[in-house]
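Welcome, and thanks for taking a look at this one. Here is a friendly briefing on some strands, charged pairs and aromatic rings, grouped by topic.

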Amino acid sequence: MSNSFVYASVRTPFGRFNGALADTRTDDLAATALKALLDRSPDLDPSQVGDVFWGNANGAGEDNRNVGRMAVLLAGMPVSVTATTVNRLCGSSLDAAMMAARMIEVDDAEIAIAGGVESMTRAPWVLPKPSRRFPAGDVTAVSTTLGWRLVNERMPAEWTASLGECNEQLQEKFSISRERQDEFGARSHRLAAEAWEKGFYDALVVPVPGTDLVRDESIRADTSLEALAGLKPAFRPDGTITAGNCSPLNDGASAVLLGSASAAAAIGRDPVARIAGRGWAALEPQQFGYAPVEAGNDALERAGITWDDIGAVELNEAFAVQSIACVDAWLELGLRDAEVVNAKGGAIAIGHPLGASGGRILGTLAARLVESGERWGVAAICIGVGQGLAVVLENVA
């Protein structure tokens, strides 16, 4: 089998719910990231892209069912370029990158693009179709922004608890204090603000046409432990999870260019990282926050390395509590230092537009490896309904 490589990545700034990107359609966000990725490789003939894999967790509105194909058309790519849309909820765009890498490794294509998009602001309300014509009663519109909707009554109640409640259960299981969660949240904001100020994200982020947003909108550089400690619990009256120690609702898109070793000439640049291992895992739905542990272990085994070798980790911070639980587990397995995790900030500060987050962490990881010179890194993400994904990158820059 051939090797697959990351050649380039780009994303939009991540906007807050009802923020600067609220007026931008989901498919336009996707097209912005895709076009920017192609613009950064001007030597690449877009018709040579073997396929486009696009992540999206919603699909109920302007995502338009196959938003990957919509992005291809709106970005001005040749109509001959195919595209598919992937839905593994929060892991959608990381899953898309894994699919693109497999396509290259089995020699079905030399070049492929992966990405993802979500506008949680513009996620529509949905109405279930009636079981008979002209029902007399009222019908409830259900929000598709986040979490379960139109739940099958045969699902056990413990499986369909809210994401926040599931993580409160995780907090109880691992005895992770409110103080540790708030410290983790404050760290995320501090490191993200520092990374922007030092120019780390300048080459990774492209603005969305028609907006003034140039940086991630949810970062609060002035966040303090005192301010976070004053926030009320969001899911239980006596709980530990607040709006300050979990990721917000966001809008944004990301894109990653992948290719074989021989694709460098057509792309017009050298690769920066090799896809060295992939992992996936599933637990009970309510334990989804811990699934990256198993997925990361799986990816490392496939790469033939251990946690001792890892110099950089990008873990999507859905909640501080699940992030801490994962990092604690990896430290026990040999990870050298918790500080290698999300050294440029994470989703608590940057944001978590569901379908775009996997592409963000993969692109950020590749850039961190180039900057630091470390050889090995892991991108990992938890996924609602009990799943997790992980990818190991090897620095080849």
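The span of residues 6-261 is 29% helix and 15% strand, and its end C-alpha atoms lie 10 Å apart. UniProt lists these residues, in an unreviewed entry, as "domain: Thiolase N-terminal". Please keep in mind that this is a predicted model. A search of the whole structure finds 20 salt bridges and five aromatic pairs, and some of them are described below.

- Strand β11 covers residues 376-383, and eight of its eight residues are buried.
- Trp 376, Val 378, Ala 380 and Cys 382 point one way from β11, while Gly 377, Ala 379, Ile 381 and Ile 383 point the other way. Both sets are buried.
- One partner of β11 is strand β10 (residues 310-315), which runs parallel to β11 and is joined to it by five bridges. In this pairing, Val 313 is found opposite Val 378 of β11.
- Strand β12 (residues 387-395) pairs with β11 in the antiparallel sense, over eight bridges. Here Ile 381 has Leu 389 of β12 standing opposite.
- β11 and β12 make up a hairpin, with three residues between the two strands. In the turn, Val 385 has a positive phi of about 70 degrees.

**A look at Met 99**

- Met 99 belongs to helix α3, which spans residues 92-105.
- With a relative accessible area of 29%, Met 99 is partly exposed, because that value falls between the 20% limit for buried and the 50% limit for exposed.
- Apart from neighbours within four places in sequence, Met 99 is in contact with Phe 53 and Val 86.
- From Met 99 to Ile 176 the C-alpha to C-alpha distance is 35 Å, and the two residues are 77 apart in sequence.

**Salt bridges**

- Arg 25 and Asp 27 form a salt bridge whose closest N and O atoms are 2.9 Å apart. Asp 27 is buried, at a relative accessible area of 6%, whereas Arg 25 is partly exposed, at 32%.
- Glu 172 and Arg 236 meet through their side chains in a salt bridge of 2.8 Å, N to O. Glu 172 lies in helix α4 (residues 163-174) and Arg 236 in the loop between α6 (225-229) and β8 (250-259), so this pair ties together parts that are 64 residues apart in sequence.
- Within that pair, Glu 172 counts as partly exposed at 48% relative accessibility. Arg 236 has a relative accessible area of 19% and is buried, because the cut-off for buried is under 20%.
- Another salt bridge brings together the side chains of Arg 187 and Glu 339, at 3.5 Å from N to O. This pair links distant parts of the chain, 152 residues apart: Arg 187 is in helix α5 (residues 178-197), and Glu 339 is in the loop between α9 (320-332) and α10 (347-350).
- Arg 187 counts as buried at 11% relative accessibility, while Glu 339 counts as partly exposed at 46%.
- Salt bridges with shared partners also join Glu 165, Glu 172 and Arg 236 into one network.

**Aromatic rings and a charge over them**

- Which numbers describe a pair of aromatic rings? The distance of the centres and the angle of the planes do this.
- A search of the whole structure gives five aromatic pairs. For the rings of Trp 196 and Tyr 201, the centres are 5.3 Å apart and the planes are at 40 degrees, so the pair is tilted.
- Is Trp 196 buried or exposed? At 5% relative accessibility, Trp 196 counts as buried. Tyr 201 is buried too, with a relative accessible area of 0%.
- Together with Phe 200, Trp 196 and Tyr 201 form one aromatic cluster.
- Arg 11 has its charged end over the ring of Tyr 201, at 5.2 Å from the centre of that ring. Arg 11 also lies over the face of Phe 14, 4.8 Å from the ring centre.

Methods: Residues numbered from 1 in each chain as written. Predicted model: local features only at pLDDT ≥ 70, side-chain atom pairs only at ≥ 80, totals over all residues. Heavy atoms only, no water. UniProt positions renumbered as here; feature names shortened; annotations may be inferred. Helix = DSSP H or I, 4+ residues; strand = E, 2+ residues; numbered from the N terminus. Buried < 20%, exposed > 50% of the residue type's maximum accessible area, 1.4 Å probe, protein only. Pairing = 2+ DSSP bridges. Contact = heavy atoms within 4.5 Å. Salt bridge = Lys/Arg side-chain N within 4 Å of Asp/Glu carboxyl O. Phe/Tyr/Trp six-rings, centres within 6.5 Å; stacked < 30°, edge-to-face > 60°. Lys NZ or Arg CZ within 6 Å of the ring centre and 35° of its normal.
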